[in-house]
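Student: I'm new to this one and would like a close look at a single part. Could you pick a spot and walk me through what surrounds it?

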Amino acid sequence: MSERGYLDMDLLRFTTAGSVDDGKSTLIGRLLYDSKNIFEDQLEAVEKTSKSRGDEHVNLALLTDGLRAEREQGITIDVAYRYFATPKRKFIIADTPGHIQYTRNMVTGASTANLAIILVDARKGVIEQTCRHSFIASLLQIKHIVVCVNKMDLVDWKKETFDSIVDDYKDFASRLQSVTEVTFIPISALKGDNVVDPSTNMPWYQGPTLLYHLENVYIGSDANHVDARLPVQWVIRPHSTEWHDFRGYAGRVAGGVFKPGDDVVVLPSGFEAKIKAIHDMGGELEEAFNPMSIAMTLDREIDISRGDMIAKPNNQPKVGQDIEAMVCWFSEKKSLAGRAKFILRHTTKECKAIVSEVRYKVNINTLHKIEDDLELKLNDIGRISLRTSSPLFYDSYTKNRQTGSFVLIDEFTNETVAAGMIR
Amino acid sequence: MHRAYQINHLKQLESESIFVLREFAAQFEKPVLLFSGGKDSIVMAWLARKAFWPAKLPFPLMHVDTGHNFEETMTYRDDFVKEIGAQLVVASVQDSIDKGRVVEEKGPKASRNGLQTVTLLDGIEEHGFDAALGGGRRDEEKARAKERFFSHRDDFGQWDPKNQRPELWNIFNGRKLPGEHFRVFPLSNWTEMDIWQYIKQENIPLPTLYFAAEREVFDRDGTILAKTDFINLLPEEEPTLRKQVVRFRTIGDATCTGAVVSEAKTIDDIIEEVAAARQTERGGRADDKRSETAMEDRKKQGYF
């Protein structure tokens, strides 16, 4: 492996949803194992535990169960993050449980993913759970979906079975919005077919293995490179002789491209300036784009603080206090029915918000709207209207995942109670 | 969209960590960076310097000193702190012992590693810190795989794995009630390999312990330990005392940090070694071997 390869890899974040029955843990175990990302001592620990539990074979699922409660109950409670790398790419897996009572975990895992793996049991075909996982992936704007039709060994590796599942899925997926790419792969996670190594049992399948696809799927156009947005996170003022007048507006570019010399507008003040320089310790950059963290200096003094937004005069975000959004409810203790007050956190800004109305809920298994029960409880997804105490500078979530998302926080307990995507 | 609008994995991890560091500084009133002198906390401090450059770090570094340090770590610590122009606070386990806050473990295998938690919490309380940066990574250990970037701790500094706040996109909720505090882990998504690649790319100086050299070592419970003034050898360990070329993959308390047999004398050698390694880096940590959920249990008590 060349040194350049080591220091210059891509990064792909993907999510997997599923339960033990789907072979999700086996699939992840297989990906890690066959790509040589499992260590001897990890494997030994798993072997030891499997034995003491009386499992017949080495249970690869144990590799992905972290907490004592999870191992005791044989379930996954939370989102677990796993890492592996091949010479081409580094991967971050957000591994989430797939049952309906873990919708909030799936939503969390999906929020940062470029790609989602959806597991379908070849014997069962497209079922309610497939529908639910796909809906969440589309709601969270994951652009790439891989449908892995698993357990092909149990249907005699039949092409007809695979084809009919592909047709069923396509039928159903036509009702989802915004998924740009769906790839279908017949696999056997247990036997390893088409996971890392091509299958010899399914000569009729000419497509890529799962790992090949993960290594090569093009994600360069996933981020927004059109609408320039810099939510100001921190103002750098060195107070030193050398950098006496330096004022750097620091943040992570949320969209578009900024270059020195560009005209910018600062919200909420509306003042305009030109970018003097874009700094990264030790050098000046020719351009900055998502997801780079930078500090920007301007050609004139403007009063700017955390929570402000830097954009371009001819391409500004929406500014407003009345927000329509889809939310996923996260709180076990408190539900939402009608008017309620919260703290809202959006980009680097925090303000108060009043939810005025729950408009409808979504049955995430059937995609039907529910209008006769408007109470949002744990794991529910629904459409709400809210008003903020000061204007937000936002884009719709479909346009920009960073400037289009927010969380609601309980005023008294400080718990994060909901995740929102602005319409 | 043209291919130029992509950055490599190290740049992405760096950007994410800098974002987290700036959120950390902005959301808390009295933050502190926990500095152990190990490579992860060195990389974390390096990133913090980048995040606020050309200004100085807006928070001090705190070192929890077990008193059982490798001498090289201490020299390195003082030089490094000076170079990045940071302020250093030391919380000492010896002080906690002298004050009767903790009782030193007895016996030949005694370690001060467990006592650190009390000293850490005392240090946090004494200085009134409301949030502490740690260099923990999710790939290190299975209990850490579920850790948040912003990890909420109750009045007693304890971690409740069932009561962690969900983290979506890059929105971090650092709101808290009086007395509660946060541990923040900007390196959550880095792996051991990423850390080494970054050290190479940035040319970050490291303590010499990370590089192979002939050292006086002996075997204890399948781990190679360095002979230091703080360790008493058991009779059956005496015959294993020898000089051997070894290096350390992690640097913690000298009484429980295991060495690996290695010829890796440069960063490139280490990267090659890490790529070929078949043992996790914490495989040499005696503190993790005390039970299967040792890390989870220590975290619940308020460990890093």
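Tutor: Let's start with B:Val246 and the residues it touches. Setting aside neighbours within four places in sequence, B:Val246 is in contact with B:Phe211, B:Ala212, B:Ala213, B:Arg215 and B:Val217, and also with B:Ala259, B:Val260, B:Val261 and B:Ser262. Keep in mind that this is a predicted model. B:Val246 itself belongs to strand β9 of chain B, which covers residues 242-248. Buried or exposed? B:Val246 has a relative accessible area of 0%, and the cut-off for buried is under 20%, so B:Val246 counts as buried.

Now stay in chain B and move to strand β2, residues 61-65. All of its residues, 5 of the 5, are buried, so β2(B) is largely enclosed by the rest of the structure. You can check that face by face: B:Leu61, B:His63 and B:Asp65 are buried on one side, and B:Met62 and B:Val64 are buried on the other.

What runs alongside β2(B)? One partner is strand β1 of chain B, residues 31-34, which pairs with β2(B) in the parallel sense over 2 bridges. Look for B:Leu34, which stands opposite B:Met62 of β2(B). To get from β1(B) to β2(B), the chain passes through helix α2 of chain B, residues 39-52, and this β-α-β crossover is right-handed.

α2(B) has 14 residues and spans 20 Å from its first C-alpha to its last, close to the 20 Å expected at 1.5 Å a residue. Like β2(B), it is largely enclosed by the rest of the structure, because 14 of the 14 residues of α2(B) are buried.

Back to β2(B) for another partner. Strand β3 of chain B, residues 88-92, runs parallel to β2(B), and 5 bridges join the two. Among the partners is B:Ser92 in β3(B), which is bridged to B:Asp65. Between β2(B) and β3(B) the chain goes through helix α3 of chain B, residues 71-84, and this β-α-β crossover is right-handed as well.

So, to trace the path yourself, follow β1(B) through α2(B) to β2(B), then go on through α3(B) to β3(B).

How values were computed:
Residues numbered from 1 in each chain as written. Chains lettered and ligands numbered in written order. Predicted model: local features only at pLDDT ≥ 70, side-chain atom pairs only at ≥ 80, totals over all residues. Heavy atoms only, no water. Buried < 20%, exposed > 50% of the residue type's maximum accessible area, 1.4 Å probe, protein only. Helix = DSSP H or I, 4+ residues; strand = E, 2+ residues; numbered from the N terminus. Pairing = 2+ DSSP bridges. Right-handed = clockwise from strand over helix to strand, strands pointing away. Expected span 1.5 Å × (residues − 1). Contact = heavy atoms within 4.5 Å.
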